[in-house]
Amino acid sequence: MTAESPLLIAAPDLAAAAADWQRHLGAERRASPKTLEAYDRDLRQFLSFLTLHLGEPPRIASLSELRPADIRAFLARRRGEGIEARSLGRSLAGIRSFIRFLERRGEANAAPFAAVRAPKARKSLPKPVEAGQALRLVDAGESLAEEPWVAARDAAVMSLLYGAGLRISEALGLTRAEAPLAADVLRVTGKGGKTRIVPILPAIRAGLADYLRLCPYALPPDGPLFVGVRGGPLSPRIVQLAIERLRGALGLPDSATPHALRHSFATHLLSAGADLRSIQELLGHASLSTTQVYTGVDATRLIEVYRRTHPRA
């Protein structure tokens, strides 16, 4: 849709408008090159479909004459080609962006596109990592980091994901004062500001103590517990990269991700006999009562179930 790659599946007025849209996205919306490429590809696929569907390259006026059924026909065609719902939703979002751009210029009507619902993406949980593999991920001795304190840090973070079921944002959101070095439990504030209590095993406390002993930075009580190599807050991407490197070194599947460790926490507890209600409490899932976080399950029983069933216990 640029001078270097002309749009041959649209009439000249529509091709020119598409090029204007791309320039608008890049210059005014500051869209990344990858976003521009994806939007360009999605629009090309749609206009290629319209060329066959209408029997001629579409014009700007052709877009205003479309009905929701025409747009659904495009989505059905793409679905038949094996495109998943998530990709179809992204494709529809890009096409809607172009149509709204034309509507703002008074050249098209976006109503038919707004009337079409994006396909619902199937919700799927990450595959759990086997217990033995998870234990290797949280072992500082397996780390590929050159600095011992970085290896200890990464292992401590991963131990909170697998050993306590924390989300990566929850683990990296802990302050130095919240480090559970002596307590058996940790109070975690999760999504929506919901608070839950999670038991902390001795192995997790020991890993955190090793990290703090080796960390070269003086961590203020109200500052982040986990820091990067320059002393600033640790980025989730650094943890992701650490696991990606370990996957290759340890021969682990691509499904071994930070969130997969949290999922493994729940899966391994369940397979060992823990009841689902207790696991839901430990994870802080939204399916719990919004008014009583710990309905029917007291902290003492949670700790007992956790210690009895978790592999690291």
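The model is predicted, so local features need pLDDT of at least 70 and side-chain atom pairs count only at pLDDT 80 or more, while totals for chains, interfaces and linings use all residues. Residues are numbered from 1 along each chain as its sequence is written, and side-chain values use heavy atoms, with hydrogens and water left out.

**Overall make-up**
- The protein chain has 14 helices and 2 strands; helices (H or I, at least four residues) and strands (E, at least two) are DSSP runs, numbered from the N terminus.
- Of the 313 residues in the protein chain, 44% are buried (under 20% relative accessible area, with exposed over 50% and partly exposed in between; 1.4 Å probe, protein chains only).
- Among contacts (heavy atoms within 4.5 Å) between residues at least 6 apart in sequence, 63% join residues at least 24 apart.

**Helix α2**
- Helix α2 has 22 residues and spans 31 Å from its first C-alpha to its last, close to the 32 Å expected at 1.5 Å a residue; the expected span is 1.5 Å times one less than the number of residues.
- Its buried residues are L36, A38, Y39, D40, D42, L43, F46, L47, F49, L50 and T51.
- These buried residues pack against α1 (12–27), α3 (60–64), α4 (68–80), α5 and α6 (111–114).
- Just after α2, G55 takes a positive phi of about 85°.

**Packing of α2 on α5**
- Helix α2 and helix α5 (residues 85–104) pack at an angle of about 85°, with their axes 9 Å apart; axes are lines fitted to C-alpha atoms, for helices over the stretch in contact, and angles run from 0 to 180 degrees between N-to-C directions.
- That angle makes α2 roughly perpendicular to α5 (65 to 115 degrees; under 35 is roughly parallel, over 145 roughly antiparallel and the rest oblique).
- From α2, the residues Y39, R41, D42, L43 and F46 meet R90, S91, G94, I95, S97 and F98 of α5.
- The residues of this contact divide into 5 nonpolar, 3 polar and 3 charged (Ala, Val, Leu, Ile, Met, Phe, Trp, Tyr, Cys and Pro count as nonpolar, Asp, Glu, Lys and Arg as charged, and the others, Gly among them, as polar).

**T51**
- T51 lies in α2 (residues 33–54) and is buried, with a relative accessible area of 19%.
- Leaving aside neighbours within four places in sequence, T51 is in contact with I9, E56, P57 and P58.

**Annotated positions**
- An unreviewed UniProt entry lists R167, K191, H259, R262, H285 and Y294 for "active site"; positions are in the numbering used here, feature names are shortened, and annotations may be inferred rather than shown by experiment.
- R262 is in helix α12 (residues 258–271) and is buried, with a relative accessible area of 5%.
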